[in-house]
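Biologist: I want to learn how to read salt bridges in a model. Please walk me through them.

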Amino acid sequence: MFVAVDDTDSMKGNCTTFLATEIIREFSDMDLIGNPRLVRLNPATPWKTRGNGSLVMRFGKGKGNKRFIGMIDNRKIYCYDDCTSFEPDPEIMKERIIPHILAHHEDDADPGLLISRIKPDQKFYWNGVRTIMDRKVIDEEIKRIEAITYEIGCGRGLIGCTCGMAWRPRDTTFELLSYRPSERWGTKRIFESSTIMEVEHNYPTTFNSWEDRMEKVAMVPSTPCPVMYGLRGDVEEDLIEASSKIKTEPIERWMIFLTNQGTDDHLIRNAKELIPNQSYIIKGTVSSLPRYIEGGHVFIDIDTKYGIVTCGAYEPSKEFRYCLDWLIPGDDVEMIGELRDEPRTLNIEKIHVIDIAEEYRKISNPICPKCGKTMKSKGKDQPFKCKDCHTSSNEPVMEEVIRWIVPGWYEPPTAARRHLSKPLKRMGLIQPVEFVNRRT
């Protein structure tokens with residue numbers, strides 16, 4: 001039986017992943033089939049709280065091998081990759097889950113709960129991770145699969161539940177989420193930064209944990225939510241081993257979630273048209289010099305098949321903004337990011353520089369080929385002339401400028417990346433050394 005919850009977190013500090021661990025604890029009389037899933041949906045949704053994540057679990061009676069994936073109340077949590085035909089009663093499950101939703105509900109959230117034997121059509125995942133979904137279409141799918149629901153407020157969470165449950169994983173990652181005791185929620189987190197740095201360096205399958213350049217931790221939230229940290233990676237076993245090296249305040253529980261984080265699933269390629277609140281890969285040619293506005297944000301225009309698109313890199317992305325500083329008209333690029341509505345701007349997540357234009361600067365007026373003296377200009381748009389030999393030239397002496405941007409991929413520092421954005425590390429790429437060395 002599939003169970004999905006969404007929109008149960010809050011800007012006041014609640015967390016849907018913590019609720020998922022409460023549901024797993026509630027159903028200790030059943031088996032967890034596969035990892036619980038943390039499914040990130042459209043990051044451009046205007047009314048999301050933080051990460052726009054839906055949580056999906058499957059319960060039943062497991063068979064075959066089981067895997068150790070977490071701890072709750074000092075009890076080891078296992079999941080099975082296979083199960084019997086047994087299905088729990090969905091109405092009973094609903095009644096057992098509702099008290100947990102109510103216990104963690106805040107008035108600024110509109111939770112949804114979806115329980116179903118059948119998964120929604122996978123098109124709902126792709127629409128949910130890339131577009132803004134219509135609740136009417138969601139309700140029709142819920143009716144089709146004969147699912148059991150529960151909602152509070154406008155029940156917007158049912159949209160996320162349906163889209164998250166519809167996920168058929170292709171590219172996947174894992175996240176080990178650890179949680180603080182409830183008495184410490186909202187207080188300053190205690191941890192040793194050096195241990196997180198060592199994990200990032202010693203476990204190459206992890207990502208987005210630490211930023212070397214700024215010596216900054218990126219896996220510990222600053223919100224008052226229950227999470228102590230989220231360690232992300234490609235190998236489940238590495239996360240368990242690596243987390244044992246991280247020194248923090250006492251951990252009350254932890255769980256490994258299967259996720260779509262770091263996959264770029266939200267990006268639309270070869271779109272017929274650009275619609276705000278969606279994310280795109282847009283190919284074009286730079287058509288303007290960079291321009292800054294108050295706050296340190298920088299913008300540049302590119303000429304595309306959709307017309308001129310303004311692209312922006314913002315102050316939190318720090319030296320990533322140098323990429324725009326160093327671009328000039330004529331450079332061919334792919335800009336990856338979210339299109340905002342007003343002002344209509346593509347918020348850049350990554351840049352792929354495909355080819356760069358040659359740039360030249362004037363060294364001097366031309367040299368007379370007869371006497372070797374420097375020619376003089378006769379005025380704007382007039383040829384240069386040698387007053388002694390009466391020779392002339394239209395071209396000054398030029399030299400090619402060294403470009404500090406070169407073809408390759410560029411990304412923001414770790415702390416400025418989106419949940420869904422695929423880091424270059426997962427793409428088997430690194431930023432060009434020219435950029436790395438010139439960021440100062």
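Modeller: Take R417, which forms a salt bridge with E411, the closest N and O atoms being 3.1 Å apart. The term means a side-chain nitrogen of Lys or Arg within 4 Å of a carboxyl oxygen of Asp or Glu. This is a predicted model: local features need pLDDT of at least 70, side-chain atom pairs count only at pLDDT 80 or more, and totals for chains, interfaces and linings use all residues. Residues are numbered from 1 along each chain as its sequence is written, and side-chain values use heavy atoms, with hydrogens and water left out.

Biologist: Is R417 buried or partly exposed?

Modeller: Buried means under 20% relative accessible area, exposed over 50%, partly exposed in between (1.4 Å probe, protein chains only). R417 has 22%, so R417 is partly exposed. E411 has 10% and counts as buried.

Biologist: How many salt bridges does a search of the whole structure find?

Modeller: It finds 30. One of them joins D331 and R403, with the closest N and O atoms 2.7 Å apart. D331 lies in the loop between α8 (322–325) and β20 (332–340), and R403 in the loop between β26 (397–400) and β27 (408–410), so the pair ties together parts 72 residues apart in sequence. Helices (H or I, at least four residues) and strands (E, at least two) are DSSP runs, numbered from the N terminus. Both D331 and R403 are buried.

Biologist: Which residue forms a salt bridge with E249?

Modeller: R180, with the closest N and O atoms 2.8 Å apart. E249 is buried, as is R180.
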